[in-house]
Amino acid sequence: MNFNDIYLLSPQISIAGLAILTILVDLVVARKKAVMLIALIGLIVPLGFALSLVYGFDASNDVLGVDSSSILSSSFSLSIFSLYFNFLVLGALAIVVAGSSSYVRDAGLPVGEYFGLLLLSASGMMLLVSAENLITIYIALELTTLPLAALSAIAMNGKSTESGIKFLIVSALSSAVMLYGMAFIYGLSGSITLEGISAGLSSVPLGTDSYQQYGVLLGVILLLVGFGFKLSAAPFHMWVPDVYEGSPTPVVAFLSVASKAVAFALVLRFFYVGLGDLDLNWVLLFAVISAVSMSLGNLLAISQTNIKRLFGYSTIAHAGYILTGVAAMSYVGDSSIGVSSVLFYLVAYASANLTALLAISQIGEFVGSDEIDSYAGLSKQSPFLTVALVISLIALIGVPPTGIFIAKIYVFTAAVDSGLMWLAVVGVINSVVSAYYYVRVIRVMFRSNDNSRNTAKINTGVLVKLAIVVSALVTVWLGTMPSWVMGVAEMAAVSLVNVVN
Amino acid sequence: MISEWLVWSVFLLPVAAFIVISLVVRPLFNRYAVVSGLILIVCLTISFLISVYVLAIVASGVNLVFEAHDWLILGSAKISIGLLVDSVTAIMLVVVTGVSLLVQIYSLGYMKGDPSFCRYYAYMALFTASMIGVVIAVNIVQLYAFWELVGVSSYLLIGFWHERSSAAAAAKKAFIITRIGDVGFLLAIVYLFVQSDSFGAIGLNSLHIPDIWIAAQPLAAGGAALLGGTGLLFLTLGIFAGAAGKSGQFPLHTWLPDAMEGPTPVSALIHAATMVAAGVFLVARLYPVFEQSSDTMLIIAIIGAVTAFVAAALGLVMNDIKRVMAYSTVSQLGYMMAALGLGAFGPAMFHLFTHAFFKALLFLCAGSVNHAAGTFNMQYMGGLRKSMPITYVATIIGALSLVGIIPFAGFWSKDEILMSANVASNLTVISVGTIVFILLLAGVFLTALYSARMIHLTFHGQFRGGGTREISDAESRGVDLGPNVSSHVHLAESPILMVVPLLILSFLTVTVGYISNPQWVKSVFGIPKHWITEFLIESLPAYLNMHSLEFDPLVAVISTVIVLIGLSIGSWVYLGSRYASPNPSEDPISRLGPLYVILSNKYYIDYLYENIIVRKLFYTAIVGISDAFDKYIVDGVFNGLGIASKKLGRALTMLQTGQVQLYTIVAVAGTIILLAIYLASGSWN
């Protein structure tokens with residue numbers, strides 16, 4: 001361990017430090033708003049470190065300006081790919097922190113714990129996208145998940161506790177399955193680093209009906225099952241609506257955006273770097289999971305009456321769309337369009353979903369219900385939140401000029417390029433089915449409120465407004481001028497694929 | 001040659017108006033809401049003038065070719081953004097900006113005092129901009145993006161009075177049904193993505209519209225013949241599905257009449273000149289591709305003709321004057337589609353052009369009538385010709401143009417369509433052309449009939465009470481009509497802001513048909529014979545060797561006789577009955593008996609869609625089965641196993657819905673299924 005290692009991990013270290021600082025400050029400061037502001041403003045530090053790591057990046061050779069060959073004896077690695085996710089997590093975190101400022105106050109949540117756990121989970125996420133061996137992957141994953149489980153239960157009422165426990169059990173279950181798969185892979189490759197696994201498995205005689213062959217197969221499948229839970233893909237999706245319904249809404253926002261994104265990063269890294277040289281064709285597996293996830297997610301969303309459950313199924317469907325890009329990546333040897341489409345989709349989805357869920361958290365706090373029917377009359381009570389929700393719902397359908405429109409074209413193009421025409425067709429049909437339930441929400445908001453519910457104007461705090469405006473603007477920006485983010489996503493994808501070659 | 005930015009500004013001006021109205025006027029100066037209308041009108045006036053200038057340039061024979069700008073590069077496919085300005089674009093630009101401008105002026109009067117005046121003009125600006133975006137797009141993804149935006153903004157406009165649940169439902173229906181058609185369009189685009197490599201091999205871009213034309217053309221004509229066979233069939237059918245959704249072709253027409261829930265000027269704009277015409281425009285835009293697939297052309301011709309006939313019949317039994325117009329629009333769009341299917345490219349676009357004027361006129365007349373009578377229900381109108389002479393004359397002009405009486409605009413364009421159908425038909429053998437020709441002629445008869453009924457019910461006979469009476473009638477039946485009907489009956493001509501657009505459109509309706517396409521003499525005011533059809537054909541590849549048909553007196557006489565018979569029967573029945581009570585059962589049309597029942601239930605198509613397909617099939621069957629799968633099958637497996645529950649369950653008894661155990665079972669089942677897929681797929685090398 002030397003100074004350079006610490007510098008390369010400085011974003012992760014600083015955000016963990018910030019988490020501890022937040023909890024400490026909460027103990028001594030009476031004004032709880034200060035705690036939130038420290039958490040928010042403090043994010044400048046990890047962001048600054050991450051930016052300084054990007055500084056000097058040579059795009060043509062895909063070389064970072066810093067020496068990033070190996071961190072802590074091949075425990076972590078640094079590339080544009082991992083930095084891309086660092087920025088995604090930090091951005092989502094900043095929006096969630098700002099966007100939950102009034103929610104935390106109104107719902108009476110413990111402030112220090114809430115923001116501290118959010119930051120801790122984010123530090124786990126940022127470690128996870130850099131983790132280079134099975135042990136650091138596992139630890140980083142637990143560091144990501146356990147704070148989220150605590151956050152799900154933080155409202156300390158029946159529903160919240162229930163969803164916290166459910167989340168904990170599901171995490172434990174998926175971790176156990178994943179560990180079992182890792183054990184197989186380790187046993188057969190004799191290495192814990194991703195590159196070592198890749199080298200070790202290349203000596204496994206495939207196609208000879210040997211026991212190693214089935215061992216590898218079982219290991220891969222178990223890993224996939226474990227990851228499937230984290231991705232919220234079908235058929236490992238059942239916990240999603242239950243947990244979403246019970247957890248505090250800003251936590252759901254973070255969970256559905258950041259946690260999902262890093263899970264995709266993990267899948268891409270594991271299957272590209274670790275299993276990249278393995279002569280296994282897992283396209284069909286991902287394609288089937290993708291098709292089932294989007295179809296099941298969209299169909300089940302139609303009959304939902306609770307908006308958070310609806311978003312639970314919606315997130316399953318979007319996991320399906322993103323998996324289309326994952327399935328597409330393997331076919332074309334040196335092309336990275338599948339990976340870059342996934343990376344772009346994750347940002348587009350993050351911006352749209354954060355807008356929606358922050359608006360929903362505000363509405364839920366005011367209306368006191370997450371039932372879609374109770375949204376009637378919202379357009380009169382809060383034109384701001386209505387417009388925000390309309391923009392995000394339209395984005396989630398995939399209508400231009402929003403990011404997900406471009407992202408969908410991107411993943412479907414990737415699928416078509418890889419010869420997965422049928423998957424693109426399933427995706428297109430699904431996009432139309434999804435319009436049905438998203439539009440229903442819009443329709444209810446514009447209906448007049450005929451019951452005796454509180455009809456006063458909704459006040460939205462300045463910070464929350466800012467968070468919603470920023471994420472909505474990002475959605476529109478990605479839909480009109482996508483080429484910058486797309487270029488960065490391509491660089492990140494190349495840096496991942498280069499590791500393989 | 002003119003600057004590219006000048007053409008872009010046609011599109012950018014309404015965009016700017018949208019931004020200024022929604023970000024500056026509405027939040028800050030809502031008290032002076034009328035400013036928003038003026039901003040849009042000024043922007044559209046400039047857009048319109050530029051459009052006319054562009055048309056003049058294109059008509060003078062200058063070929064406007066602009067380099068497209070790269071926007072996105074996705075793998076081997078390149079999406080560019082650019083302008084495609086040919087004769088079709090130039091004419092569409094003039095129609096869209098011109099009609100939109102008149103509608104905006106009319107709206108100043110019609111929407112006066114509406115609390116959401118600013119929002120209305122913001123939506124209108126967004127809609128007009130999106131429609132212009134569709135017209136000028138050079139790339140099919142660019143076109144699709146604006147196509148979707150047209151859908152979104154029309155959703156907002158149809159549901160403008162969203163506090164009325166019928167308006168919200170209609171908006172949603174329009175959005176969903178047009179999206180069902182869009183599945184086909186999107187799949188066609190996906191197919192073009194698939195082709196990007198083979199296009200790229202010869203230096204073409206599979207998403208660039210002029211390149212798609214070249215790819216579809218045969219080698220002999222200098223094309224690339226890349227598209228053909230089944231691929232071409234599915235490509236064209238997919239695009240046509242999208243066009244049929246937007247243009248309300250049978251059986252996707254059901255959203256259009258419901259969309260009349262929007263404010264009347266909205267109907268005039270989106271159901272006369274723009275959104276519904278976008279479908280026809282799309283087929284015309286890719287006509288060189290369609291032309292290569294004779295099967296698709298046949299299907300388009302038949303669907304168009306069936307739509308023309310079926311919708312005209314529905315127009316006969318409607319009581320709401322706007323719904324009569326709506327079915328009339330569907331029917332006229334059928335004429336355009338049928339013409340395209342028969343290869344009559346010029347006449348189809350010519351009819352789109354004239355229809356934009358006379359249908360906008362008729363919609364604005366309906367709005368004017370509503371302004372006075374407080375209702376759209378014709379059963380409660382009658383005798384309005386005395387108090388509203390200008391609207392009366394304008395409606396007569398619009399209706400005569402619609403049915404196709406010489407010399408009104410509609411006559412010239414419809415006559416060309418009928419001539420093309422006549423050429424395609426062969427009365428000795430039963431062919432598709434013959435069926436289409438007969439259906440179109442039958443449609444002409446029905447059009448005359450419903451137009452006569454509409455005019456007599458609205459303007460002749462005696463006044464039957466208007467909105468006041470309708471509300472009191474509804475109250476006695478215990479029905480609440482909601483805000484759609486106003487008790488404010490004020491039998492007088494509409495304000496000047498509404499009358500002026502009527503006058504302008506009336507003038508155009510009388511003159512534009514012959515002036516733009518003279519048929520008998522070499523030139524009129526320097527406009528050469530068959531100008532507009534010849535001009536439109538210029539956009540097509542030369543090898544098609546298209547030319548305008550010479551005026552055929554026989555067809556003109558046949559259609560005129562049919563129209564006169566239709567008008568006479570209508571007038572005879574309705575002038576003779578002179579019923580004074582607003583009771584639909586006294587309406588002579590109800591004597592049609594079972595036919596009337598079928599028609600007034602709209603052939604039960606809505607029932608089929610909503611009750612059987614959506615509710616029974618979709619909700620109960622598909623969604624129900626997936627729900628049941630999630631809950632019961634997996635649950636059943638779990639109960640069967642039974643053992644795990646006790647161990648896991650004890651720790652989880654506090655859970656309200658103890659489904660956590662299910663996750664485990666599903667995970668195990670999922671693992672087994674994944675393994676099975678893997679082994680079965682044979683991907684194990």
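Biologist: What percentage of the 685 residues of chain B count as buried?

Modeller: This is a predicted model, where local features need pLDDT of at least 70, side-chain atom pairs count only at pLDDT 80 or more, and totals for chains, interfaces and linings use all residues. Residues are numbered from 1 along each chain as its sequence is written, with chains lettered from A and ligands numbered from 1 in the order in which they are written. Buried requires 20 or more other C-beta atoms, placed from the backbone, within 10 Å of the residue's own. Of the 685 residues of chain B, the buried share is 56%.

Biologist: Why does B:Val444 count as buried?

Modeller: B:Val444 sits in helix α19, residues 432-459 of chain B. Helices here are DSSP runs of H or I, at least four residues, numbered from the N terminus. B:Val444 is buried because its C-beta neighbours inside 10 Å number 26.

Biologist: Which residues does B:Val444 touch, not counting those up to four places away in sequence?

Modeller: Contact means C-beta atoms, placed from the backbone, within 7 Å. By that test the partners of B:Val444, beyond four places in sequence, are B:Gly404, B:Ser559, B:Ile562 and B:Val563.

Biologist: How do α18(B) and α19(B) run, roughly parallel or roughly antiparallel?

Modeller: The axes of α18 (residues 409-424) and α19 of chain B come within 8 Å and cross at roughly 150°. Axes are lines fitted to C-alpha atoms over the stretch in contact, with angles from 0 to 180 degrees between N-to-C directions. Angles under 35 degrees count as roughly parallel and over 145 as roughly antiparallel. The pair is therefore roughly antiparallel.

Notes. Buried ≥ 20, exposed ≤ 12 C-beta atoms within 10 Å, placed from the backbone. Helix = DSSP H or I, 4+ residues; strand = E, 2+ residues; numbered from the N terminus. Contact = placed C-beta atoms within 7 Å. Parallel < 35°, antiparallel > 145°, perpendicular 65-115°, else oblique.
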